[in-house]
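Hello,

Here is the structure you will be taking over. My notes on it follow below.

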Amino acid sequence: MKNYIEKTLEEKTNGLSTAILYHQWEFDKILIPNALQAIAVIFPHYSLHNPE
(Lines give C-alpha, C1' and ligand atoms only; values in the text may rest on other atoms or scores of the structure.)
Protein backbone atom coordinates (compact mmCIF):
# COMPACT_ATOMS: atom_id res chain seq x y z
CA MET A 1 0.00 0.00 0.00
CA LYS A 2 1.41 3.35 -1.01
CA ASN A 3 1.23 6.37 1.21
CA TYR A 4 0.76 9.95 0.03
CA ILE A 5 4.47 10.61 -0.43
CA GLU A 6 5.00 7.43 -2.45
CA LYS A 7 2.01 8.20 -4.68
CA THR A 8 3.24 11.74 -5.24
CA LEU A 9 6.76 10.56 -6.08
CA GLU A 10 5.35 8.07 -8.57
CA GLU A 11 3.09 10.68 -10.19
CA LYS A 12 5.80 13.35 -10.41
CA THR A 13 8.41 11.02 -11.92
CA ASN A 14 6.19 8.86 -14.15
CA GLY A 15 7.43 8.86 -17.74
CA LEU A 16 10.34 11.20 -17.03
CA SER A 17 14.06 10.65 -16.81
CA THR A 18 13.64 10.97 -13.03
CA ALA A 19 11.50 7.81 -12.89
CA ILE A 20 14.64 6.03 -11.67
CA LEU A 21 14.11 7.79 -8.33
CA TYR A 22 10.75 6.10 -7.84
CA HIS A 23 12.08 2.71 -8.90
CA GLN A 24 15.05 3.08 -6.59
CA TRP A 25 12.64 3.83 -3.73
CA GLU A 26 10.65 0.67 -4.51
CA PHE A 27 13.88 -1.36 -4.43
CA ASP A 28 15.11 0.26 -1.21
CA LYS A 29 11.73 -0.26 0.45
CA ILE A 30 12.36 -4.02 0.19
CA LEU A 31 16.12 -3.99 0.77
CA ILE A 32 16.40 -1.75 3.84
CA PRO A 33 14.19 -3.73 6.26
CA ASN A 34 16.18 -6.87 5.43
CA ALA A 35 19.47 -5.06 5.99
CA LEU A 36 18.23 -3.73 9.33
CA GLN A 37 17.52 -7.27 10.49
CA ALA A 38 21.24 -8.04 10.12
CA ILE A 39 22.12 -5.32 12.63
CA ALA A 40 20.62 -7.34 15.48
CA VAL A 41 22.99 -10.20 14.64
CA ILE A 42 26.07 -7.99 14.50
CA PHE A 43 25.11 -5.74 17.41
CA PRO A 44 22.77 -7.77 19.68
CA HIS A 45 22.57 -5.00 22.27
CA TYR A 46 20.92 -2.61 19.77
CA SER A 47 17.14 -2.44 19.81
CA LEU A 48 15.14 -2.99 16.63
CA HIS A 49 13.36 0.01 15.16
CA ASN A 50 11.03 -1.85 12.86
CA PRO A 51 7.39 -0.86 12.42
CA GLU A 52 6.02 -3.96 14.17
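Thr13 sits in helix H1. Keep in mind that this is a predicted model. Is Thr13 buried or exposed? Its relative accessibility is 5%, so Thr13 counts as buried, the cut-off being under 20%. Beyond its neighbours within four places in sequence, Thr13 contacts Thr18, Ala19 and Tyr22. Val41 is another matter: 28 residues separate Thr13 from Val41 along the chain, and their C-alpha atoms are 37 Å apart.

Next, the helix pair. The protein chain has 2 helices and 0 strands. Helix H1 covers residues 4-13 and helix H2 covers residues 19-42. Their axes come within 7 Å and cross at roughly 145 degrees. The crossing of H1 and H2 is left-handed. Which residues make the contact? From H1 come Glu6, Leu9, Glu10 and Thr13. From H2 come Ala19, Leu21, Tyr22, Trp25 and Lys29. Sorted by class, the contact has 5 nonpolar, 3 charged and 1 polar residues.

Now the overall form. Along the principal axes, the C-alpha atoms fill a box of roughly 45 × 20 × 10 Å.

Last, burial and surface. Of the 52 residues, 8% count as buried; Thr13 counts as buried too. The accessible surface of the chain comes to about 4800 Å². Carbon and sulfur atoms hold 66% of that surface.

Best regards

Key
Residues numbered from 1 in each chain as written. Predicted model: local features only at pLDDT ≥ 70, side-chain atom pairs only at ≥ 80, totals over all residues. Heavy atoms only, no water. Axes fitted to C-alpha atoms, helices over the stretch in contact; angles between N-to-C directions. Helix = DSSP H or I, 4+ residues; strand = E, 2+ residues; numbered from the N terminus. Left-handed = near helix turned anticlockwise from the far one by under 90°. Contact = heavy atoms within 4.5 Å. Nonpolar A, V, L, I, M, F, W, Y, C, P; charged D, E, K, R; others polar. Buried < 20%, exposed > 50% of the residue type's maximum accessible area, 1.4 Å probe, protein only. Areas by Shrake-Rupley, 256 points an atom, 1.4 Å probe, with all protein chains shown as cover.
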